[in-house]
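Hi,

Here is the structure I promised to pass on to you. Have a look at it first, and then read my notes below.

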Amino acid sequence: MEKVYVFDTTLRDGEQSPGASMSIEQKNELAIQLAHLGVDVIEAGFPVSSPHQFKACKLIAESVKGPIIAALARTLEADIDSAVESIKKAEHPRIHTFIASSPIHMKHKLKRSPDEVIEMAVKAVIYARNRVPEVEFSPEDATRSELDFLCFLIERVIDAGAKIINIPDTVGYALPVEFGEFIKSIKEKVSNMDKAILSVHCHNDLGLAVANTLSAVKNGARQIETTINGIGERAGNAALEEVVMAINVRKDYYFFSTDINTKQIYNTSRLLSNIIGFPIPRNKPIVGENAFAHESGIHQDGVLKHRETYEIMTPESVGKYTSDIVLGRHSGKHGFKKRLSELGLTLTDEEMETVFKRFLEIADKKKEVYDNDLFAIVSNELGKHSATYTLDYFNIISGNVSVPTATVRIRTKDNTIEEAATGDGPVDAIFRAIDRVTGINTTLDEFIVRAVTPGKQALGEVTVEIEIERKKWIGRGASTDILEASAHAYVNALNRYKAWSYYEQ
Ligand code: KIV
Ligand code: ZN
């Protein structure tokens, strides 16, 4: 079977999702997991755009072995210099350079003529090609570009040395059949197309990113650009797990394979969700909680009699195991560690200590600790030792006849600060008291509470989205006490902001 290359852009386009910022260490952790997953290319970031992006690309290039490490650059020498410098230590570096080719982008955004765009693209590819062995070129907004112009541009950049031509549906405008024909026409019209790999990069504005990607594969694309859980600019990108499983489950139709170890899909998806704080919707294909749950009696009966009556793939094939192992207060550290590693959660010794301590506290209150609890506990505790703020304690006075009042004590690297505040409700009072400690001006955009596992003793997980200086930050916290989980989530969002601002200044 012919291979389709998987280019993962979770760390670049994915991170452009509002609120999905990751610290440099978190990006590196995810990149290591992407290598386990078996992606061919990791797009580590857009180095010239910020010091944070540059440092993340550099760290990933130095530490992740196996996949090609790509860095994004506009067709400008300064961008390319920065990209080259950031990934120069990679085993296999790739520069991904792009310029818009649609009339609307060239006229209104770039204010450049089509000839100027061609000249810039060719120059950039030559410049990059003289510095790294592999160059990918993307004509941005390709699907709204004029076909003959697009093909001419592609021909020229292939002559200049581009080895991968990526066709982005930047605004998610394409429709599956039409996009497939578009890809086929490019293959037919570009005389030197056989000298480069054709790639696609689809956005999900009409909910068609996965369908468009698959249609392109059927029509000649051999590299797919995807993100874990489909995160990305606006409505996101094509979800890696969905495209890969479609190719895998429907081999009879596609006759292609990828090098993805599908058993790592579930862990990778959870890891990303934990890092960025975005919960995975229950009904999300492949990785959602309900993806393999059968509710109706007829379906349950069918599955019990013969699994394939209602299941086109097994949960095990994507690495989702229904475990008989339920941990509890008497579980030793060894069993605990083993279960975390089976779930793909690799921790340093220091992190393991904190997480195990928290596990014991939770197991004391809640008899049975399930896998989803473990994901929540790890997500709650990870990174705390390097965090700017740590919640020491909080106290709440609340009731239907008293003014909710919160006292919080927060530790910073060299100080411990206690503050109190009143609020409209207990959560509001806690957040206001924390604001007094940090002095950061925030707006609360979203507040979500959910039970991690069933039952009255369930661990509650709170997700908050706050806005600081017109940028969104998501934080998550878990506890058997919803108010405590809220406080942790809020502090977590503030810590993400602080980690980001540290590198940006
Ligand atoms: O969507 C897009 O056009 C992009 C390019 C930079 C490839 O992300
Ligand atoms: Zn994109």
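Axes here are lines fitted to C-alpha atoms, for helices over the stretch in contact, and angles run from 0 to 180 degrees between N-to-C directions. Helices (H or I, at least four residues) and strands (E, at least two) are DSSP runs, numbered from the N terminus. This is a predicted model, in which local features need pLDDT of at least 70, side-chain atom pairs count only at pLDDT 80 or more, and totals for chains, interfaces and linings use all residues. Residues are numbered from 1 along each chain as its sequence is written, and side-chain values use heavy atoms, with hydrogens and water left out.

Let's start with two helices. The axes of α8 (residues 209–218) and α9 (residues 240–249) come within 9 Å and cross at roughly 45°. That angle is why α8 counts as oblique to α9 (under 35 degrees is roughly parallel, over 145 roughly antiparallel, 65 to 115 roughly perpendicular, and the rest oblique). In α8, Val210, Thr213 and Leu214 meet Glu242, Val243, Ala246 and Ile247 of α9; contact means heavy atoms within 4.5 Å.

Now the strands. Eight of them close into a barrel with parallel pairing, in the order β2-β3-β4-β5-β6-β7-β8-β9; two strands pair if DSSP finds at least two bridges between them. On average, neighbouring strands of this sheet are turned by 25° against each other, direction ignored. Strands β8 (residues 197–202) and β9 (residues 223–226) run parallel and are joined by three bridges. His201 has Glu225 in β9 as its bridge partner. Helix α8 also packs on the sheet, where α8 touches β7, β8 and β9.

Enjoy exploring!

Notes
Chains lettered and ligands numbered in written order.
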